Amino acid sequence: MAVFHRRLREGSWNRRDFLAAVRQFQHDDLAGFWTWLPVDGLILRAAAEIFATLPPTLFLRSSDCIHLVTALHHDFTEFLTYNTQQTRAATTLGLTSVTG
């Protein structure tokens, strides 16, 4: 939802486009298109540890770090992102970044 809202906020989408994307996402979720992986204290602690090891020049938002750590925790080797900073962090953590 944050990605959709960002497009609205930056003017890439108007309100109608935004709401259409929200409805499609909700429809896909109810249809089982998405697989949600649990986020627990173990993953949050691992995310905190990741920040302790990242180079000081690498910018990474906490939610993006949780996303990466969840992928690592569930033994994924590839990671889908369109975010440059998250791609850099994924590579640093040994994940192959895929952009679709």
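## Exercises on a predicted model

The side chain of T81 has a polar atom 3.0 Å from the backbone nitrogen of N83. The model is predicted, with local features requiring pLDDT of at least 70 and side-chain atom pairs counted only at pLDDT 80 or more, while totals for chains, interfaces and linings use all residues. Residues are numbered from 1 along each chain as its sequence is written, and side-chain values use heavy atoms, leaving out hydrogens and water.

**Exercise on T81**

Determine where T81 lies, whether T81 is buried or exposed, and which residues T81 contacts.

*Solution.* Begin with the location: T81 belongs to the loop between strand 1 (78-80) and helix 5 (84-92). Helices (H or I, at least four residues) and strands (E, at least two) are DSSP runs numbered from the N terminus.

Next, consider accessibility. Buried means under 20% relative accessible area, exposed over 50%, and partly exposed in between (1.4 Å probe, protein chains only). T81 has 5% relative accessibility and therefore counts as buried.

Then examine the polar partners. A polar contact is a pair of N or O atoms within 3.5 Å; within protein, one must be able to donate a hydrogen and the other to accept it, and residues adjacent in sequence count only if both atoms are side-chain atoms. The side chains of T81 and Q86 make such a contact at 2.6 Å.

Finally, list the contacts, that is, heavy atoms within 4.5 Å. Neighbours within four places in sequence aside, T81 is in contact with Q86, T87, S97, V98 and T99.

**Exercise on two helices**

Describe how helix 1 and helix 2 are arranged and which residues meet between them.

*Solution.* First, take the axes, which are lines fitted to C-alpha atoms, for helices over the stretch in contact, with angles from 0 to 180 degrees between N-to-C directions. The axes of helix 1 (residues 2-10) and helix 2 (residues 15-30) come within 9 Å and cross at roughly 175°. Helix 1 is therefore roughly antiparallel to helix 2, given that angles under 35 degrees count as roughly parallel, over 145 as roughly antiparallel, 65 to 115 as roughly perpendicular and the rest as oblique.

Second, identify the residues: F4, H5 and L8 of helix 1 meet R15, F18, A21, V22 and F25 of helix 2. These residues divide into six nonpolar, one polar and one charged. Here Ala, Val, Leu, Ile, Met, Phe, Trp, Tyr, Cys and Pro count as nonpolar, Asp, Glu, Lys and Arg as charged, and the others, Gly among them, as polar.

**Exercise on aromatic rings**

State how many aromatic pairs there are and which residues the ring pairs link into a cluster.

*Solution.* Rings of Phe, Tyr and Trp (its six-membered ring) pair if their centres lie within 6.5 Å; planes under 30 degrees apart count as stacked, over 60 as edge-to-face and the rest as tilted. By this rule there are six aromatic pairs. One of them is the tilted pair of F4 and W13, 5.7 Å centre to centre with 35° between the planes. F4 is buried at 17% relative accessible area, whereas W13 is partly exposed at 22%. The pair of F25 and W34 is also tilted, because the ring centres are 5.6 Å apart and the planes are at 40°. Ring pairs join F4, W13, F25, F33, W34 and W36 in a cluster.

**Exercise on D75**

Locate D75 and describe its phi.

*Solution.* D75 is in the loop between helix 4 and strand 1 and is exposed at 67% relative accessibility. Most residues other than glycine have a negative phi. D75, although not a glycine, has a positive phi of about 65°.
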